[in-house]
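Here is a short walk through one model. Keep the sequence and the 3D view open side by side.

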Amino acid sequence: MTARSRRSFIVGVGCTAFIKPRRTRTTEDMGLEAGTKALLDAGLTYDDVETAFVGFCYGDSTSGQRALYNLGMTGIPITNVNNNCSTGSAALYHANNMVKYGAAECALALGFERMAPGSLGTNFPDRPSPLKPFDDATEEVEESLTSGTNFGPGSARLFSNAGQEYFDKYGANVKHLAQIGDGFITSKNHKHSLNNPYAQFRNGWSAEQVLAAPQITKQLTKLMCSPTSDGAACCIVASESFVRAHHLENQAIEIVSQALWTDNPSTFESKSAMEIVGFSMSKNCADQVFLDAGFEPGEGRDQVGVVELHDCFATNELITYDALGLCAPGQAARLIERGDNTYGGKYVINPSGGLEAKGHPLGATGLGMHFYITMQLRGWAGPMQAPGLFDGPDERGSFGLVHNVGLGGAVVCSLLRRPEFYRPGGEDGRHRCVIDALISGVLVTGNYAAPDLATITLTNADPSPWQMSTKSSRPSSHPTFCRELGFEQGGV
């Protein structure tokens with residue numbers, strides 16, 4: 001923490017289910033649901049929010065205002081953010097900085113996406129894509145890879161080539177992406193998603209099914225690729241004084257450090273497929289957040305217990321283990337073979353199921369990652385909970401690490417931790433309408449709604465509990481709204 005910065009905390013989170021893009025939900029509905037859940041989680045009303053950043057990639061200008069105006073029209077600054085797949089975390093980065101540097105006491109970051117089925121495309125075919133230099137560069141470096149000329153959609157091809165370069169350098173192979181064993185990437189993520197009621201895929205695909213799926217590139221099958229998705233997520237960030245004034249000490253999770261990096265010249269000058277998809281960009285960003293958290297260069301990873309990282313394709317999860325410093329250089333395959341990326345290993349990586357299984361609505365993805373890590377560090381993640389996070393000598397427990405990358409490029413890394421003022425058994429948000437309880441193996445809360453509970457939409461929700469008027473009821477104590485969610489006030 002520098003002399004001109006202060007501590008900041010995530011105090012409220014909300015997320016929708018990530019679903020197949022079938023035009024069944026609007027961005028306004030999804031934004032309302034995620035935002036309302038975050039306010040409910042924190043016990044706040046929208047007029048507590050002083051500024052907001054809203055991320056999306058496939059939407060018209062000021063879509064952020066359109067979504068947030070359903071919560072209230074308070075005149076606060078609202079900024080729309082588009083940073084490719086790192087959009088959601090980029091929105092959070094700016095909200096966090098507003099709090100961290102004293103421009104606001106409470107800021108909101110919302111992200112949503114309503115996507116088209118199939119591979120990612122452009123909405124502007126009349127002009128060259130910003131990714132054209134990256135596409136051209138990866139085709140050029142294919143000549144140096146043992147797999148030769150590749151095929152497939154642009155993003156899949158980019159990340160496949162990066163994986164192939166890692167294979168060629170360090171001896172990993174496609175089986176590390178899918179093979180039998182708790183740690184192997186794709187089957188591991190799909191196994192994790194069985195515990196996540198919000199995941200797009202809850203099939204638990206086996207390694208055999210993963211390998212037998214249609215081939216997308218030379219290295220990747222369909223099930224090794226994240227799907228396009230519809231969904232939304234929201235995080236509310238506040239200062240320490242705000243946390244204490246609103247009695248949120250026992251659910252606040254500190255953003256110990258956070259950084260956003262973009263490309264440097266090596267992206268193209270190195271002639272490396274890994275660099276083209278942001279390997280050094282991710283490494284630099286991760287190194288910075290650990291340094292900013294007070295660790296010496298290369299240290300601190302052994303204090304991380306749970307990770308949500310950007311597995312847009314299984315090959316990117318492989319190389320990101322290395323980029324984040326979760327293993328020694330070139331040793332990602334060994335980490336997988338040891339099972340150090342799943343329950344019972346050194347880290348639990350993507351306990352939500354990751355992008356491959358949970359889904360990947362671009363604007364919501366990064367905020368969804370922070371939602372899941374926040375729940376982990378609160379100990380509220382139900383069947384997804386990583387064990388042992390609070391077993392060490394430090395009362396704050398282990399760190400949670402988030403990594404969210406977008407081609408073009410930008411990457412955000414966050415290091416989160418439960419603060420020292422947390423008190424076991426103290427009051428937290430679970431005494432309000434938003435309740436976390438394991439019911440029949442499904443975590444049921446305002447955030448983790450069981451599949452048969454109604455979602456929040458513009459048509460089924462009376463907006464009065466959470467809109468701007470300070471005269472309206474606080475959403476956390478509004479009995480009609482609680483029943484709409486499927487709860488009685490103060491209990492399930």
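This is a predicted model. Begin with two helices, α3 (residues 87–100) and α16 (residues 362–378). Their axes lie 5 Å apart and cross at an angle of about 60 degrees. The pair is therefore oblique. From α3, the contact draws on T87, G88, S89 and L92. From α16 come L362, G363, G366, L367 and H370. By residue class, this contact holds three nonpolar and six polar residues, and no charged ones.

Now turn to strand β4, residues 106–113. How many of its eight residues are buried? The count is eight of eight. In a regular strand, side chains alternate between the two faces of the sheet. In β4, one side carries C106, L108, L110 and F112.

Which strands pair with β4? One is β2, which runs parallel to β4 and is joined to it by five bridges. Here F53 stands opposite A109 of β4. Another is β5 (residues 231–239), antiparallel to β4 and joined to it by eight bridges. In that pairing, C106 has A238 of β5 as its bridge partner.

Finish at the loop between α1 (27–42) and β2 (51–55), where T45 is found. Is T45 buried or exposed? Its relative accessible area is 9%. Buried means under 20%, so T45 is buried. The T45 side chain also makes a polar contact, at 2.9 Å, with the side chain of D47.

Key
Residues numbered from 1 in each chain as written. Predicted model: local features only at pLDDT ≥ 70, side-chain atom pairs only at ≥ 80, totals over all residues. Heavy atoms only, no water. Axes fitted to C-alpha atoms, helices over the stretch in contact; angles between N-to-C directions. Helix = DSSP H or I, 4+ residues; strand = E, 2+ residues; numbered from the N terminus. Parallel < 35°, antiparallel > 145°, perpendicular 65-115°, else oblique. Contact = heavy atoms within 4.5 Å. Nonpolar A, V, L, I, M, F, W, Y, C, P; charged D, E, K, R; others polar. Buried < 20%, exposed > 50% of the residue type's maximum accessible area, 1.4 Å probe, protein only. Polar contact = N/O pair within 3.5 Å; in protein donor to acceptor, adjacent residues only side chain to side chain. Pairing = 2+ DSSP bridges.
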